[in-house]
Amino acid sequence: MSAGPGPLPVETLRFRPEDEELRGRIRTWMADHDPGPAPVDFGERLAALVRWQAQLDEAGFVGLSWPERYGGGGLDLRAEAVFSEELASSSMPELINRIGVYMCGPTIMDFGDEGQAERYLPKMLDATESWCQGFSEPEAGSDLAAIRTRGRVDGDRILVSGQKVWTSRAHIARRCACLVRTEPGSERHRGLSLVIVDMEDPGVNVVALPQMLGERHFNEVFLDDVEARVEDVIGGLGNGWKAAMQMLSYERGLFVLERQIRLRRALEDLVDALLAAGRAEEPEVRRQVGRIYADLELLKSQGYRTLAAQAAKALPPGSTSIDKLFLGQVEQRLFAAALELLGPDVALGMNHWTHDLLEGRSVSMYGGSTEIQLNIISRQLLGLGASR
């Protein structure tokens, strides 16, 4: 049976005069507060990123759409989009606690209670407490409904045991929004809960996953009777699937908007290199550069539509899989084209082009693999494969 007519299309995101005034203030502030080159030492670099987010928060630019009572700006999602665009357009670092600010915080505001909001939200904004997201597992990478990590409810406590994998920034996180199975004998989407875990609990062991670039990003997280509180379950026991899906939808909006701007800067660098090499008039160069530019325009439009739908509370289930899928295609196409057009002298060396080519391969995996995104689009948006 095919799906019925979907919701009416949401108008794209449009900026008002007050949004442009905010843009000007952010741009002026950033011009006066450039943090400079990142330190080479990993520990020093992390400390510098925490200081950078604290500076941005002190200036009032982090959590612009959050309620003022939680330390936010009390504005709307357009203000967040303005900040994301300006940050990405500059040469300055992204938020070190972006998972907390863009994903965990909004999910707590949607599904959590006032006590959770008061305990956790303010410390997200200035990166006093960084967050990670504990979803994927060794046998449940993109199929989150198959997770096996258990949360044994014992009075007002939950004892969490299991393993998470591909957990971004777990090594620097103080808190983890962890999807666990709290109902014994439950299967698939039922019986799941989204539990806030203290990463400093002695039962938590974080192990780095080796990466060919030699950078630490992904981790395995082992949990052995980690003690959490029932009052720290986001949305209550048994409502984890709905809360987790909402959190994933937040992963796409502002991140895609930021990422496409950073990809535009990379395309501009590529064009400059081709101009310097005297190759800008070659038909194949113009064809590939033109296609990538058009793709980035489409990606921007899609990002604006997603943010507008989020702001209107009218985001169709599964629609952000389009954003994720298209972002991966554009990013990989861009850096593959760069290596092809710049030639073997660049392709055979280790430089920012080869680095980004290799790093871009992970886009097909993190946040849900390409195959999973295609399944979501076909089932939830197109109605294919639905039961009769």
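The structure is a predicted model, in which local features require a pLDDT of at least 70 and side-chain atom pairs count only at pLDDT 80 or more, while totals for chains, interfaces and linings use all residues. Residues are numbered from 1 along each chain as its sequence is written, and side-chain values use heavy atoms, with hydrogens and water left out.

The protein chain contains 11 helices and 8 strands, assigned as DSSP runs (helices H or I, at least four residues; strands E, at least two). Its radius of gyration, taken over C-alpha atoms, is 21 Å, which agrees with the value near 21 Å for a compact globule of 388 residues; the globule rule is 2.2 Å times the number of residues to the power 0.38. Along the principal axes, the C-alpha atoms fill a box of roughly 70 × 55 × 45 Å.

Of the 388 residues, 47% count as buried (under 20% relative accessible area, 1.4 Å probe, protein chains only). Contacts are defined by heavy atoms within 4.5 Å; among those between residues at least 6 apart in sequence, 73% join residues at least 24 apart.

Not counting residues up to four places away in sequence, Ile108 touches Gln116, Ala117, Tyr120, Leu121, Met124, Trp131, Ile196 and Ile234.

Definitions and conventions
Buried < 20%, exposed > 50% of the residue type's maximum accessible area, 1.4 Å probe, protein only.
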